[in-house]
Every structure is written in structure tokens, then in C-alpha cells.
Amino acid sequence: MIRRMLRVALCFYMAFLSIRSVFADEIHLYVFFGRDRDGIRQQSFLETKAFEGAQLKYFWRELEPEKDRYDFLEIRKDLAYLTAHKKRLFIQLQDSTFDPVSFAVPAYLRTDPRFHGGVAPQYSLPKEDETHAVIAGWVARRWDSAVQERFHRLLAALGREFDGKIEGINLAETAVDFGESGRLFPSGFTPKGYQGAIIAQMKVLKGAFTRSVVMQYANFMPGEWLPYDDKSYLKSVYQQAAHFGVGVGVPDLLPYRKAQMNHSYPLLQMISEKVPTGVAVQDGNCEEINVKTGKRFTIAELLRFAKEYLRVKYVFWGMQEPYYSKHLIPFLNPKE
């Protein structure tokens, strides 16, 4: 009986050491609830001390329902609730969708001709065949100076009210799906112009938020594919982020996946000592097979890759079940 009790105690102690090693050097864990605001009221979230806060998604159209009329009521309510429960808020500001019938931008951008439609379609390309492209979502015309100016105004308004009150704010991923040949490119779009627009919005974001963490999700850039066709579009985003003091994140934790290993992951490593960095654990990430073991990645393995390989400071954990409730929560709350 005594030996059995010692073995059980040893198992719990080893689990505790595993968690400590993963969380060393201040890796900050947030839960990405997306637009599911009620999620922040879940007891499992509130009672897990390792979760420092919630990452919530807000569409541009929600925050500016009419031109120059900003509505930040939902952010205020979410911030107040989280603060009352000793949790922090990380805003994800969304100007794109992955839904062919949903738009993230205000209606006036789509109806006023000065904004040239306000959005552009993104495509799903079956077998990379652009002749059979299907609209898969919409993205704000980030490269369009008229649309840029409106987005920059929103960033400034958010900064005036929430800088220093929220943990941070991140912008949507840089990847856009317009094909490669140019036949599906929106009017006025060029990869070089898009690069400049991303860099410009990072600079404005940093100017608006001088105390809270600011972060640009930067995973891929149109017009290049690393390492074979390197135009330095993605590299320049990371270089300028370091120059401005803007954090950088990526929207998927996919250890050893070739596309990520050739694009954002090495850049994230190099910038990690200069600015805050982060990675999101999104739907499907927990189903990845570890090429080194032939088995599904464990929670500990995913977090260790984020901390030790990517060297990120923030991990935004998605709610995909059963991984969230049956694996992550028990891992973070080992029984004593």
C-alpha cells in the first residue's frame, strides 16, 4: 500500500514538473473564444489559474456600425466581466471572413463608391485550378488607401479608449487567397502594394496602443512561396515589426508542418527576443500527428513546441472538443 501511494505521489509530482517546465519563462495562456462571448463565464475557464484571460473576436462592422460612429459597448462589457474575475482581455480585430455570405467590414464601405466595394472575395481553388475558383470568404481592401484610412481611424479610436486597459490587440492574418496568376486579383491589388499596407497598419496600431501588447498575425504573404520564390514580402513584415516594436503571431500551431516551417516559424523564432510573439491553437491543430512519434500530439508536446521551438510568449488556445475539456483542462489542473 505504501509503495502504491508513493508511486501515485511520484506521478503527480512528475506531472507538476512537466507543467512547470512548459510554463517557465512566462508563457501566457489565453483561451480563444472567438465570438462566443458567453464562453468567458464558463467555470472551467474562470477556475483555471493558468488561463490569464480570453481572446475575443470583434468584427470591424460591429465596432463601426455607421461611418464615424463607434460602438464599443460589447468590448466594455467583456472587459468589465473579465476584470471582475481577475482575467485579462486580448482583442482580435477581424476585417476578413471565411464565409461566402458574411462580411466583416461596415456596410458603408461596400455601398459608398469611394471605397471601391470595400471588400474583395477570397477563393477556394480546387486542385489549384483558378478556372474553377469558388468564393470562400471576404477580406477588406487593405491595400486601398481609402479603406486603409478608415481602418486606421478605427485603430486610433480603440487605442484612445482601451490602451493600457486590455492585455493586447491583434490584427487578422496576412494570408489572402487570390490565386497566383493574377486573373483573380482584385482591382488595384499588387503583392508589393499589399506588403506596404500591412506595414502601414502595423505602424498605426503601435501608435494607437503604446501600453497594451500589439500583434500582427503574419503567416503567409501573396506573391511569394518560400523558400523557392522569395520576394521578401513576409520577411519585411517581420523586420518592420521589430523596428516598430509590434508583436507578431501566427494562426496555427502545426509542429513540423512544411509550409509553416518554411515561412513564419523561423521568422517567429528570430524575432522572439525583440517583441511579443504568439501562436493560436486552432481547430484541427490538436488532431495533428507527431512525425517523431507517429501519434497525435499531446498537450504537453504542443506547448513545449510553442515555448522551446517557436519561443512564443502567448498561446491562444481554441475550444475544439474533446481536446479542450478532456485534455487541456485536466492537464492544467492536475489533481493533488
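Which strands does helix α10 (residues 264-271) lie across? The views below concern a predicted model, in which local features need pLDDT of at least 70, side-chain atom pairs count only at pLDDT 80 or more, and totals for chains, interfaces and linings use all residues. Residues are numbered from 1 along each chain as its sequence is written, and side-chain values use heavy atoms, with hydrogens and water left out.

**View 1. Helix α10 lies across β9 (247-250) and β10 (277-281).** The helix runs at about 150° to β9; axes are lines fitted to C-alpha atoms, for helices over the stretch in contact (heavy atoms within 4.5 Å), and angles run from 0 to 180 degrees between N-to-C directions. Helices (H or I, at least four residues) and strands (E, at least two) are DSSP runs, numbered from the N terminus.

**View 2. Eight strands close into a parallel barrel.** Their order is β1-β2-β3-β7-β8-β9-β10-β11. Neighbouring strands of this sheet are turned by 25° against each other on average, direction ignored. Phe 32 stands opposite Gln 55 in β2.

**View 3. Strand β6 (residues 134-140) pairs with β4 (residues 96-97) and with β5 (residues 119-124).** The pairing with β4 is antiparallel and has two bridges, whereas six bridges link β5 to β6, also in the antiparallel sense. Val 139 of β6 is the bridge partner of Ser 96 and of Ala 120.

Technical notes:
Two strands pair if DSSP finds at least two bridges between them.
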